[in-house]
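Have a look at the structure below, then try each exercise before you turn to its solution.

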Amino acid sequence: MLRSQLINAARRTHRAFSTTVAARSGGATAAPSLGFHLNEDQLSIQETAKQFVHDVVIPAAPHHDKTGEYPVDVIKQAWELGLVNTHIPTAYGGIGLGVFDAALVSEQLAYGCTGIQTAIEANSLAEAPVILAGNDAQKKKYLGRMTEEPLMAAYCVTEPGAGSDVASAKTNAVKRGDKWVVNGQKMWITNGGKANWYFLLAKTDPAANAGKAFTGFIVDANSPGITVGRKEWNMGQRASDTRGITFEDVEIPDENRLGEVGQGFKIAMGAFDVTRPLVASAAVGLAQRAMDEASAYALQRKTMGKHIIEHQAVAFMLADMAIGVESSRMMVWRAAWLRDQNKRNTYYASIAKALASETANKCASDAVQIFGGNGFNTEYPVEKLMRDAKIFTIYEGTSQIQRLIISRAVADAAKQRL
């Protein structure tokens, strides 16, 4: 499908399914009834991604996993099809998909390779704060350029000593005239060495609580004083570019401040309501791939005179995979749908993220088990799935952080019933 066709399909999907940015911003469009079928345009978008994965991503994935080479050509082709930056509003040159429709794309891309999918999805995480809190000039400048050529962006929040505990971040920004001077170090930044610009969270009031201590900024990656660290060689998702980024007296014009001073933490956390369902959808894609690989292998491999899928021990493992995949996908759809209707989805996004990430790990591990000794060998696809799966329980909020969010919501609901 040509990029223009995908754009037209996305726009029709907006009208049919109310997943426009306007609806997320409080537009008057009535929320449609929630169903479990996709409309024709959504199926078209999904099929475009699926075909691209089959033709391009799956054949390229082993090379990028073994070498760690950034998948520039793959991303360029995905961008040309409209599969990158899917939720940039049409007003700024994007196709403006809602979270639900973007999740359909994300799942398919992750089915092929979660390292490549993560590189692509990192753009969405960086762009989300700009979409949520940027002014028109900022959106035109930084979102607009992403639709003009296949550029990358990065979300600079995590630090060496501040992962889940974002409030402990020490990178600071001090106002000097009409500029802010930033000093500090960020770590584990996806697309860190490939980004054209960063969303940066920096402390602007050391005396304030976390809710008012931080401010968000848009930072051009070529700004003087930025040092990009080495590419980290990780357990899995090796196609993704992960690095440390150091800021030494980096000057940022005040016009690049995102939102009001002291609102950065709220903006950064608000982005997760958009991106956590997408991360969860990627975990579903990996889990589905693990189940497909394992079931296909179980139909071919024979022991004790019959295909191993006929052994109840193996059949039940596959059944458990299916239970996890289907239930995780439903939670992704619910969390994504709620966000598109401008309804609070934090609770459901956390459930989706925790459930799908742990399902992906269980499915990948069981796939290796079903493959037996072959599963432990790099000539077969499932060992990569097992390595790639682990990070889903860690990035964009660990499983423990998700349970903290969920448990607080449960406690609040219980108190209201008293």
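**Exercise 1. Find which residues lie nearest the centre of the largest pocket, and work out what lines it.**

Solution. Keep in mind that this is a predicted model.

Step 1: Start at the centre. Thr 158, Ile 394, Tyr 395, Glu 396 and Gly 397 lie nearest to it, out of 44 lining residues.

Step 2: Look up the volume. The largest pocket holds about 1300 Å³ of space.

Step 3: Trace the lining back to its elements. At least two lining residues come from each of H6, strand S3 (179–190), helix H9 (264–270), H10, helix H13 (382–389) and helix H14 (399–417). H6 gives the most, with five residues.

Step 4: Sort the lining by class. There are 19 nonpolar, 15 polar and 10 charged residues in it.

**Exercise 2. Say how many cavities of 30 Å³ or more there are, and describe the largest cavity.**

Step 1: Count. There are two cavities of 30 Å³ or more.

Step 2: Take the largest cavity, which has about 80 Å³ of space.

Step 3: Name some of its lining residues. Among them are Leu 83, Val 84, Asn 85, Thr 86, Ala 102 and Glu 121. The elements that give two or more residues to this lining are helix H5 (99–112) and helix H6 (114–133).

Step 4: Sort by class. The lining of the largest cavity has six nonpolar, five polar and one charged residues.

**Exercise 3. Decide how H10 and H12 are oriented: roughly parallel or roughly antiparallel to each other?**

Solution. 

Step 1: Locate the helices. H10 covers residues 272–300, and H12 covers residues 346–371.

Step 2: Read the geometry. Their axes come within 8 Å and cross at roughly 20 degrees.

Step 3: Apply the cut-off. Angles under 35 degrees count as roughly parallel, and H10 and H12 are therefore roughly parallel to each other.

Step 4: The crossing of H10 and H12 is left-handed. By class, their contact has 20 nonpolar, four polar and four charged residues.

Methods: Residues numbered from 1 in each chain as written. Predicted model: local features only at pLDDT ≥ 70, side-chain atom pairs only at ≥ 80, totals over all residues. Heavy atoms only, no water. Axes fitted to C-alpha atoms, helices over the stretch in contact; angles between N-to-C directions. Helix = DSSP H or I, 4+ residues; strand = E, 2+ residues; numbered from the N terminus. Parallel < 35°, antiparallel > 145°, perpendicular 65-115°, else oblique. Left-handed = near helix turned anticlockwise from the far one by under 90°. Nonpolar A, V, L, I, M, F, W, Y, C, P; charged D, E, K, R; others polar. 1 Å grid on protein atoms, 1.4 Å probe; cavity = no way out; pocket = protein on both sides within 12 Å on 5 of 7 lines; lining within 4 Å. Points joined across faces, edges and corners; volume = space filled by probe spheres on them.
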